[in-house]
Structures are given as structure tokens and as C-alpha cells.
Amino acid sequence: MLARVERMKWYKHDLDDYQRDTAQLTLTEDGAYRRLLDAYYQREGPLPSDRTVLYRICRAQRRSEKTAVETIIGIYFVQN
């Protein structure tokens, strides 16, 4: 059987730093942040500014999930 070989995307994730910097987040906010971080590093560049696209990246469907995405964008990301 042949498998498709892809380059593995990698970034340093320091557990202590992450915990210190995100201890105040809810479970939903933490999930949104991790998905946005993963998307950022996977793209190796800025995330789109379109909120609908960001909601899809995070799989946010409920209003509370979209609010969590908005919270994370406001805390950890800057608009260019």
C-alpha cells in the first residue's frame, strides 16, 4: 500500500506558556484559539479577515461559539 507523503507542519507549543496565557479562557474560547492558531501556522501567514471564514475554520455554528471566536480575535489577533 502506498501512502501520500506530506510535509508535517510544526510549531513550538510550550505548554506552560500556553496555560499561563490562556488560563482565563473558557473551554469554547480555548478551542477557538487552538483552531485559529493551527490555521495560522498551517497557512504560514495571516488569517482571512472575513468573519464567516473564521467561524468555519473554528467550526463555530452556535451564537455562543461565534462569540468565543470574536473574543479570541479581539484578544490575540490584530487586523492588518
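Visitor: Which helix gives the largest share of the lining of the second largest pocket?

Guide: A pocket is an open set of points on a 1 Å grid over the protein atoms alone, reached by a 1.4 Å probe, with protein on both sides within 12 Å along at least five of seven lines, and its lining residues have an atom within 4 Å of a point. Here the largest share, four residues, comes from α1, a helix being a DSSP run (H or I, at least four residues) numbered from the N terminus. This is a predicted model, in which local features need pLDDT of at least 70 and side-chain atom pairs pLDDT 80 or more, while totals for chains, interfaces and linings use all residues. Residues are numbered from 1 along each chain, and side-chain values use heavy atoms, without hydrogens and water.

Visitor: Which elements each supply at least two residues of that lining, and which residues line the pocket?

Guide: The elements are α1 (15–22) and α2 (27–43), and the residues of the second largest pocket include Asp17, Tyr18, Asp21 and Thr22, together with Tyr33, Leu37 and Tyr41, as well as Tyr11, Lys12, His13, Asp14 and Tyr76.

Visitor: How do the residues of this lining divide by class?

Guide: Asp, Glu, Lys and Arg count as charged, Ala, Val, Leu, Ile, Met, Phe, Trp, Tyr, Cys and Pro as nonpolar, and the others as polar. The lining of the second largest pocket has six nonpolar, two polar and four charged residues, whereas that of the largest pocket has nine nonpolar, three polar and one charged.
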